[in-house]
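Here is a friendly briefing to read with the sequence and the model side by side. Please have a look at the fold before you go through the points.

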Amino acid sequence: MNDQAHADYRIAHLKERLAAEELGELGIRIESRGPSVMVAGTVPTTHCRDELRRTVNEELDGLTIHFDIVVAESSAPDHPEELA
């Protein structure tokens, strides 16, 4: 098995793992981009982002990974906005 095929296999395994966990409903895209992997999407909390990063790094250890993850927290602000 060549390196690209092995990377594609590991990415497919990661997608299956994420689908089986609570992170599977987030709509994260994981794509092979030549010698690296791009992980992109939006997550609801920093906890989800951190868990996603941990899982991806664990499954794709040794591969170059680029993250483009946006946190879209919808909680109320903890202080008033100051307008100038």
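**Helices, strands and how they meet**

Helix α1 passes helix α2 in a right-handed crossing; a crossing counts as right-handed if the near helix is turned clockwise from the far one by less than a right angle, and left-handed if anticlockwise. Helices (H or I, at least four residues) and strands (E, at least two) are DSSP runs, numbered from the N terminus. This is a predicted model, in which local features need pLDDT of at least 70 and side-chain atom pairs count only at pLDDT 80 or more, while totals for chains, interfaces and linings use all residues. Residues are numbered from 1 along each chain as its sequence is written, and side-chain values use heavy atoms, with hydrogens and water left out.

**The helix pair**

- α1 covers residues 3-20 and α2 residues 46-59; they pack at an angle of about 145 degrees with their axes 10 Å apart. Axes are lines fitted to C-alpha atoms, for helices over the stretch in contact, and angles run from 0 to 180 degrees between N-to-C directions.
- From α1, the residues R10, H13, L14, R17 and L18 meet L52, R54, T55, V56, E58 and E59 of α2 (contact means heavy atoms within 4.5 Å).
- The residues of this contact divide into 4 nonpolar, 2 polar and 5 charged. Here Ala, Val, Leu, Ile, Met, Phe, Trp, Tyr, Cys and Pro count as nonpolar, Asp, Glu, Lys and Arg as charged, and the others, Gly among them, as polar.

**The sheet**

- Three strands form an open sheet in the order β1-β2-β3, with mixed pairing; two strands pair if DSSP finds at least two bridges between them.
- β1 and β3 are the edge strands, each with a single partner, so one side of each has no neighbour in the sheet.
- β1 (residues 29-33) pairs with β2 in the antiparallel sense over 5 bridges, and R29 has A40 of β2 as its bridge partner.
- The hairpin of β1 and β2 has 2 residues between the strands, and G34 takes a positive phi near 65 degrees there.
- β2 and β3 (residues 64-71) pair in the parallel sense over 8 bridges, with V39 opposite F67 in β3.
- Why is β2 (residues 36-43) largely enclosed by the rest of the structure? Because 7 of its 8 residues are buried (under 20% relative accessible area, with exposed over 50% and partly exposed in between; 1.4 Å probe, protein chains only).

**Helices on the sheet**

- α1 lies across β1 and β2, running at about 175 degrees to β1.
- α2 lies across β2 and β3, at about 165 degrees to β3.

Key:
A crossover is right-handed if, with the strands pointing away from the viewer, the path from the first strand over the helix to the second runs clockwise.
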